[in-house]
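Subject: Structure handover

Hi,

Here is the structure I promised you. Please open it first, then read my notes below.

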Amino acid sequence: MKNFLKLNVSRLPNEEAATLFKFSFELAAPVASSIGELAFAAYTSGNEKVQPFFSQISQIKKSEYTGQINTKRDECTDTWSEIKRFIDFEENSRDSHKRSSAHKLAFDLKPYWDLHKKPMSVQFEKTTEMLEKINNTTELKEAAIEIKIDGLLAELELKNKSFTQLYKNRLQEIGSREESGTKLRPEAQEAYILFCRVIELAMHFTPNQELSNLFNQMDELRVKYHAMLPAEETTTDEDADEIDPEM
């Protein structure tokens, strides 16, 4: 039986969960009438439960801080990209000291290389963790100075602190509105999980080309959102909820 990539959706933040659910049902919309009676029923019922959750989360996202946060996040991403370009460039340097320093930084900072692809909260938390690692490791600190990115790292630290504070300000502002979105999540999450299970069963018992294409597209989406989970949360946990969230 062909199965989707395991993904513990209960560990996704509300914003990411809402978009995963919505995009999955949007993928099914054009072929819903061609994927079998049971799958169509699961699609219709599930879509009705997912849309209110997505709409509420979209409303919650609206804040006076949203524009500032997006701008500051872009600044952090641009600065980090510039730092990586310096490291990549110096890895090919004719100067052996610079080349060695760049290799050291590239190796030790590999877990943070794709920070810009993570959810906002993960991005600034992991950026803070990375900067602390550099500042507290003599070899990394000296390597940064050797290839002259210490100034950029200090700039990133200031921008990341501002990004973090703006994000926390937004959380505080919308805290009173978060509850309604949270209340809508269990039903939407269960609908998504059941829809995925039905698609898997349909692939086993009543496969066709439209269903196969939909399965592959939904699975690609799950791969993308699985990558958004913090490293410590990518392990499976079948006991997390009464309805198995690892689907």
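Just after helix H6, Lys 148 takes a positive phi of about 60 degrees. Lys 148 is a residue other than glycine. It sits in the loop between H6 and H7. At 59% relative accessibility, Lys 148 counts as exposed. (Exposed means over 50% relative accessible area, buried under 20%, partly exposed in between, with a 1.4 Å probe and protein chains only.)

Two notes before you go on. This is a predicted model, where local features need pLDDT of at least 70, side-chain atom pairs count only at pLDDT 80 or more, and totals for chains, interfaces and linings use all residues. Residues are numbered from 1 along each chain as its sequence is written, and side-chain values use heavy atoms, with hydrogens and water left out.

Now H6 itself. It spans residues 138-146, and Leu 140, Ala 143 and Ala 144 are buried there. Seen down the helix axis, the buried residues of H6 fall within an arc of 100 degrees, so they line one face. (The arc is that of the directions from the helix axis to the C-beta atoms.) Thr 138 and Glu 142 are exposed, on the face turned away from the buried side.

The whole chain has eight helices and zero strands. (Both are DSSP runs numbered from the N terminus: helices are H or I with at least four residues, strands are E with at least two.) Of its 247 residues, 44% are buried.

Next, the aromatic rings. The structure holds 10 aromatic pairs. (Rings of Phe, Tyr and Trp, the last by its six-membered ring, pair if their centres lie within 6.5 Å; planes under 30 degrees apart are stacked, over 60 edge-to-face, and the rest tilted.) Phe 25 and Tyr 43 have ring centres 6.0 Å apart and planes at 35 degrees, so this pair is tilted. Phe 25 lies in helix H1 (residues 14-28) and Tyr 43 in helix H2 (residues 37-61), so the pair ties together parts that are 18 residues apart in sequence. Phe 25 is buried at 1% relative accessibility. Tyr 43 is buried too, at 13%.

Then look at the Trp pair. The ring centres of Trp 80 and Trp 113 are 5.7 Å apart and their planes are at 75 degrees, so the pair is edge-to-face. Trp 80 lies in helix H3 (residues 66-90), and Trp 113 in the loop between helix H4 (96-108) and helix H5 (120-135), so the pair ties together parts that are 33 residues apart in sequence. Trp 80 is buried, at 3% relative accessibility.

Ring pairs also link Phe 25, Phe 40, Tyr 43 and Phe 195 into a cluster.

Last, the cavity. A search of the whole structure finds one cavity of 30 Å³ or more. (On a 1 Å grid over the protein atoms alone, a cavity is a set of points where a 1.4 Å probe fits but cannot get out; lining residues have an atom within 4 Å of a point.) The largest cavity holds about 50 Å³ of space. Its lining includes Trp 80, Leu 115, His 116 and Asn 160. H3, H5 and helix H7 (150-205) each supply at least two lining residues. H3 gives the most, with three.

Best wishes

Definitions and conventions: On a 1 Å grid over the protein atoms alone, a cavity is a set of points where a 1.4 Å probe fits but cannot get out, and a pocket is an open set with protein on both sides within 12 Å along at least five of seven lines; lining residues have an atom within 4 Å of a point. Grid points are joined across faces, edges and corners, and a volume is the space filled by probe spheres set on the points.
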